[in-house]
Every structure is written in structure tokens, then in C-alpha cells.
Amino acid sequence: MAADYAWFAELADLRKGFSFVWVREVRPAQVLERMGAKELERIGWRQLVGAGDGQRGVVEKLYVGISRLDDSWTLVIEDNGTLGRVGELLRALSAGTTVVCVYKAAGEGGRFLVLEDQQTGLDFDPWAPERRTGKRAAELAGAVAAAGIGAGGDPAAGALALAERITGVRVDLGMLEERTYLFSEVPTGQRKSQ
């Protein structure tokens with residue numbers, strides 16, 4: 001299944017890192033509310049993942065794009081940021097539902113996370129997949145292997161394939177390019193020192 005996501009390695013705009021977060025049965029406006037986000041404008045894919053280099057130092061705000069994928073799932077995308085590491089935001093998103101997160105750090109490593117009603121179902125680094133935690137880690141071990149994670153292929157492609165196995169939604173470049181995103185600012189609760 002990871003081979004289905006080989007196109008992802010060609011996306012130069014996401015080589016510096018990314019977060020893809022699927023939220024089940026929560027509409028984009030509700031995602032904004034749960035994250036305490038403010039919609040800034042509506043944009044396309046090129047604007048979302050274009051020329052920016054990400055933020056440095058203490059990050060007071062995250063910038064994400066939010067779009068509805070189908071009747072069941074909303075997708076939150078962050079280009080070169082840290083949303084995939086901000087547990088409290090992801091946990092709040094998962095209240096009463098399921099959240100699946102694929103995060104790639106700007107350097108090495110990342111995170112694959114499944115939250116179900118604020119409980120960790122699965123949490124591990126696809127770039128170092130040996131240690132997996134969560135209430136469903138053993139149950140999902142077969143899905144992790146079937147997605148090609150740890151088999152020597154591209155960990156990002158494997159993580160996206162695993163997200164598809166869990167959500168039932170295949171993501172491809174055409175789908176991402178045709179969407180309109182609610183480009184939004186999300187406060188992190190951190191403040192720069194004066």
C-alpha cells in the first residue's frame with residue numbers, strides 16, 4: 001500500500017515537514033472551534049504548501065488549512081510546523097470522535113497517532129517504528145506491517161497508507177489540489193519572552 005503514496009516523495013514543498021490530521025465526523029467549522037482557531041482566508045493547495053519556511057523559535061500560533069474530504073472526514077494540513085507534536089490540541093480535536101495524525105518533523109523522525117475520544121489508540125514514530133504504544137497498538141500491528149512501515153520503504157508513504165487503512169479515505173495529489181482550504185491561525189498557548 002505504501003507504493004500507492006510514492007507520489008508524496010515528489011512534493012518538494014513538504015520535504016521540510018508536515019502534519020496531516022484526519023478528524024472523523026467533525027465539520028471544518030467545528031474543527032476551527034475545537035482548536036480555538038481563527039479563519040484568515042480561503043486558499044488553494046499551492047498557497048497552503050507554497051514557499052514558506054515554517055516558524056522558528058517559540059511558536060505562538062500555528063497556521064493550518066482545513067478541508068472536508070468526504071461525508072465522514074475533515075483533513076487539517078500544516079506545512080512545516082509542529083501540530084503533530086501538540087498533544088493538547090489533537091486531544092481536544094478527538095473528543096467524542098477519532099483523530100488520525102501523520103507528522104514529519106523538519107529533521108528526522110515524526111509521529112503516527114490515533115486518538116479515540118481523547119484516548120491514545122496508537123502512537124509511534126514511522127521513521128523508527130519498533131516502539132509502538134497505545135490501547136490498540138497490538139491490534140493494529142498487522143495494519144502497520146501491511147502499510148509497509150518498517151519494510152525499508154518511505155516512512156511517510158507508509159504512514160499515509162496506514163492512515164488510509166484506518167480512515168478508509170485515500171488521499172492523492174489531485175484530491176489535495178482540487179480542495180479549498182480554510183487557512184486558519186491556531187494559538188498554541190505559548191508566549192515569546194519579552
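## Exercises on aromatic rings

The charged end of K104 lies over the W127 ring, 5.4 Å from the ring centre. The model is predicted: local features need pLDDT of at least 70, side-chain atom pairs count only at pLDDT 80 or more, and totals for chains, interfaces and linings use all residues. Residues are numbered from 1 along each chain as its sequence is written, and side-chain values use heavy atoms, with hydrogens and water left out.

**Exercise 1.** Find which ring the charged end of R132 sits over.

*Solution.* Apply the criterion: NZ of Lys or CZ of Arg within 6 Å of the ring centre and within 35 degrees of the ring normal. For R132 the ring is that of F124, with the charged end 5.9 Å from its centre.

**Exercise 2.** State how many aromatic pairs the structure holds, and classify W7 with F8.

*Solution.* Rings of Phe, Tyr and Trp (its six-membered ring) pair if their centres lie within 6.5 Å; planes under 30 degrees apart are stacked, over 60 edge-to-face, the rest tilted. The count is nine. In one of them, W7 and F8 have ring centres 5.5 Å apart and planes at 75°, so this pair is edge-to-face. Next, F20 and W22 give 6.2 Å centre to centre and 45° between the planes, a tilted pair.

**Exercise 3.** Decide whether W7, F8, F20 and W22 are buried or exposed.

*Solution.* W7 has 19% and is buried; F8, at 5%, is buried. F20 has 0% and W22 has 1%, so F20 is buried and W22 is buried.

**Exercise 4.** Name the residues that ring pairs link into a cluster.

*Solution.* The cluster consists of Y5, W7, F8, F18, F20 and W22.

Note on methods
Buried means under 20% relative accessible area, exposed over 50%, partly exposed in between (1.4 Å probe, protein chains only).
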